[in-house]
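Welcome! Here is a short briefing to read alongside the structure.

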Amino acid sequence: MGSVPTALAIIALVFVSPVIIPAVLLGGVFYDLFHSELPPGIDQPLKLRLFHALLITTMISGKILEKLGICSDLSLLRVVLDGVPPRRDPKLLIKDLKVDEVPLRIYQPKQPPTGKRRGILYFHGGAGTFGSIRAFERVCCYIAKNCNSVVVSVGYRLAPEHPYPGQYFDCLSATLYFMRNLEEYHVDPALIVISGDSCGANFATVICQILLNKRDLPKVRAQVLLYPGLQGLDFHLPSYQQNASVPILFRKLVIYFCFRYLNKEPSVLEDVLQNRHIPESMKQKYKKWVSADIIPDKFKVRGYVPQKSTSYKPEVHKVIKELLAITFSPLLAEDSVICQLPESYIVTCEFDVLRDDGLLYKKRLEDNGVQVTWYHSESGFHGILAFFGYGIFSFLSGKRIMDSVVNYINSL
């Protein structure tokens with residue numbers, strides 16, 4: 001791709017050329033980016049607005065670079081969201097390797113273990129199309145140090161260059177490698193944790209479901225799911241309505257990145273937003289698991305209006321039916337699967353369109369006898385951990401989430 005200086009020059013161009021900007025705006029998908037809402041109670045709103053403006057600028061600049069034939073829009077987004085690499089922590093041993101072409105970075109305390117350690121797999125977020133090991137290095141280092149654990153950060157290959165569902169296979173390959181080599185890392189086979197944030201939490205959920213059939217491997221001790229996205233059935237749940245224009249993840253942006261992830265043209269985006277991709281039979285089958293009626297009333301007081309019924313469009317379903325596969329929507333797995341899952345830790349954020357996915361999965365697990373520990377960030381928003389460890393550029397709610405995760409893992 002083009003150099004970073006080139007990208008910075010384009011960003012400057014965006015600010016000084018009001019003629020160019022309209023030519024590259026992403027139509028209706030990004031129109032609402034300029035009409036964001038910062039509800040009362042959200043963490044450090046001015047700082048969030050600044051980061052949101054930088055994200056908008058990056059996305060617009062990416063489209064300019066793509067039109068100029070320099071690189072794809074995702075290439076610039078990936079560079080910017082990779083962030084600044086931290087200094088290597090002197091208290092940690094950090095090793096890079098590849099397993100079946102999948103990059104892994106393994107963090108372990110330098111101090112010799114007095115006994116077996118916990119082993120933690122971490123799948124980063126980024127809608128399956130961006131994000132990296134480097135972007136979440138601060139998160140993984142923090143867990144490794146504060147939990148005296150071995151942390152394996154998985155650099156699954158990104159879509160659309162590496163097509164869906166390849167990300168799940170990459171995560172599974174990394175998991176199988178680690179679980180078959182626990183002795184090498186002095187890990188207790190009874191203390192394996194599978195974790196992730198956002199779409200990485202989706203991958204963690206699916207991997208835990210797949211491992212139920214791997215009887216030759218140690219049993220997973222717990223799954224740690226940080227603001228997970230778990231279903232593509234209903235985009236009118238209360239959290240989708242309440243946080244539709246709350247940075248950093250808008251409701252329309254969720255659907256847009258679903259299309260990018262699946263390598264589809266977003267021609268039916270508006271229809272999917274209105275849930276026209278769901279056959280009536282499927283709505284009836286899954287309404288016991290995915291419905292606003294299941295969400296506790298206290299989460300509906302902030303601007304929720306029940307959706308009027310919308311008509312099903314078979315042509316829309318045909319275009320985007322992958323949204324309803326169990327890999328994409330593990331919340332739809334049968335009870336016979338859910339009841340076998342390990343103890344779970346779920347983090348939800350109040351100002352997150354995906355909040356209700358976590359609430360619904362929490363209920364499904366509890367209804368099936370699975371122990372769930374739940375942490376709800378009253379002032380948090382989606383993607384808040386991407387800023388963790390950046391000092392004054394971090395958010396207080398992100399630090400509280402990380403501390404809650406560490407406390408939970410240490411309790412196992």
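In helix α4, Leu 55, Thr 58, Met 59, Ser 61, Gly 62, Lys 63, Leu 65 and Glu 66 meet Asp 73, Leu 76, Leu 77 and Val 80 of helix α5, where contact means heavy atoms within 4.5 Å. By class, this contact of α4 with α5 has six nonpolar, three polar and three charged residues. This is a predicted model, in which local features need pLDDT of at least 70, side-chain atom pairs count only at pLDDT 80 or more, and totals for chains, interfaces and linings use all residues. Residues are numbered from 1 along each chain as its sequence is written, and side-chain values use heavy atoms, with hydrogens and water left out.

**The helix pair**
- α4 (residues 45–67) and α5 (residues 73–81) pack at an angle of about 145 degrees, with their axes 7 Å apart.
- Helices here are DSSP runs of H or I with at least four residues, and strands are runs of E with at least two, numbered from the N terminus.
- Axes are lines fitted to C-alpha atoms, for helices over the stretch in contact, and angles run from 0 to 180 degrees between N-to-C directions.

**Strand β6 and its cover**
- Five of the five residues in β6 (residues 222–226) are buried, meaning under 20% relative accessible area with a 1.4 Å probe, protein chains only.
- Ala 222, Val 224 and Leu 226 point one way from β6, while Gln 223 and Leu 225 point the other way.

**Neighbours of β6**
- β5 (residues 187–197) pairs with β6 in the parallel sense over five bridges; strands pair if DSSP finds at least two bridges between them.
- Ala 222 is the bridge partner of Val 193, and in β7 the bridge partner of Ala 222 is Glu 343.

Note on methods:
Buried means under 20% relative accessible area, exposed over 50%, partly exposed in between (1.4 Å probe, protein chains only). Ala, Val, Leu, Ile, Met, Phe, Trp, Tyr, Cys and Pro count as nonpolar, Asp, Glu, Lys and Arg as charged, and the others, Gly among them, as polar.
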